[in-house]
Amino acid sequence: MDTLLTRTLSVGSVGTDVDGIKRTVYRGLDSYDKGQRLKKHMGNKLAVRRTYGTFFASDVNRLKVRMGWTQNGKVEPAFFTAMSQRGYPDALAVDLLTRYAKAHPRIQIYYPFPYGEMGGVCQGLHETAGIDDNWAIDFCARPHTTVVAVEAGTITKLSGRSPNDDTWDTQGVYGWSVHFLTNEGYRYYVTHFGYRQPLSIGMRVEAGDTIGKVGDQRFRPDHVHYGCSSPRGDADAKARITAVSKAPRII
Ligand SMILES: [Zn+2]
């Protein structure tokens, strides 16, 4: 089962998921003590229910001991799964956790090359010539290595060598290029493809989808130049493409 708890909760956490977890933990404690913990909890103010304080951490520890877990004051996704197996979350708790998960989607980021392909960073952060505020990292690999979309997005532009031109000699340094935009507003520019997937403007790509293959540039290192611009500025763009260079490979 894919857990509804999308983050580890601890003292200081605030959110709808904390409220859902509080209901779950109090129902768990009530199942042992035949107590009135949940009823008492429901009498509290909303602001208090959404906040993970030290008192709640001690309640979590009490339940953890009962269930044979180590006391650490935290609710991890695995502990939530264990509570689910015992039926502690009620429908309202599940609803609160589902709402939190929807409002805070986990962003999936992948490395440009899939698992099983060789290749890695061969030039660190540098600005893309010709596109303002676009920060790139070069990923070197053997010609024809598969390249994926590092995040989900929409294709905004296709450029570079004409797909009808299959003369390698005219490929030059650029090859084919793909531009795509994510929901969060990141604009990616990927270039030096020797082969590009049959993509079209407006097409949706999911994180990990193949978008092309590394070119064969003969006299220079073969690589893709993966650049990112952010509506939140240069520092954010640099952080994002750096995160891409450290992301897991899609399997
Ligand atoms: Zn580059």
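In this predicted model, helix α4 gives the most to the lining of the largest pocket, with 4 residues. The helices α1 (16–33), α2 (37–42) and α4 (54–66) each supply at least two residues of that lining. The space in the largest pocket amounts to about 260 Å³. Its lining comprises 13 residues, and those closest to the centre are Tyr-26, Asn-44, Phe-55, Phe-56 and Asp-59. By class, the lining holds 4 nonpolar, 5 polar and 4 charged residues.

Side chains of opposite charge can pair when their charged atoms come close. The structure holds 12 salt bridges. In one of them, Asp-17 pairs with Arg-7, with the closest N and O atoms 2.7 Å apart. Because Asp-17 lies in helix α1 and Arg-7 in the segment before α1, this pair ties together parts that are 10 residues apart in sequence. Asp-17 is buried, at 1% relative accessible area, whereas Arg-7 is partly exposed at 25%.

A salt bridge also links Asp-19 to Arg-49, with a closest N and O separation of 3.2 Å. Asp-19 belongs to helix α1 and Arg-49 to helix α3 (residues 46–49), so the pair joins parts that are 30 residues apart in sequence. Asp-19 is buried, with a relative accessible area of 5%, and Arg-49 is buried, with 15%.

Within helix α6 (residues 91–103), Arg-99 and Asp-95 are 4 residues apart, or about one helical turn. Their side chains meet in a salt bridge of 2.9 Å, N to O. Arg-99 is partly exposed at 48%, and Asp-95 is partly exposed at 35%. Elsewhere, salt bridges with shared partners join Arg-37, Asp-59 and Arg-62 into one network.

The domain assignment gives domain 1 (2–103) and domain 2 (120–245). Their centres, taken over C-alpha atoms, are separated by 43 Å.

Key: Residues numbered from 1 in each chain as written. Predicted model: local features only at pLDDT ≥ 70, side-chain atom pairs only at ≥ 80, totals over all residues. Heavy atoms only, no water. 1 Å grid on protein atoms, 1.4 Å probe; cavity = no way out; pocket = protein on both sides within 12 Å on 5 of 7 lines; lining within 4 Å. Points joined across faces, edges and corners; volume = space filled by probe spheres on them. Nonpolar A, V, L, I, M, F, W, Y, C, P; charged D, E, K, R; others polar. Domains from an automatic or database assignment. Salt bridge = Lys/Arg side-chain N within 4 Å of Asp/Glu carboxyl O. Buried < 20%, exposed > 50% of the residue type's maximum accessible area, 1.4 Å probe, protein only.
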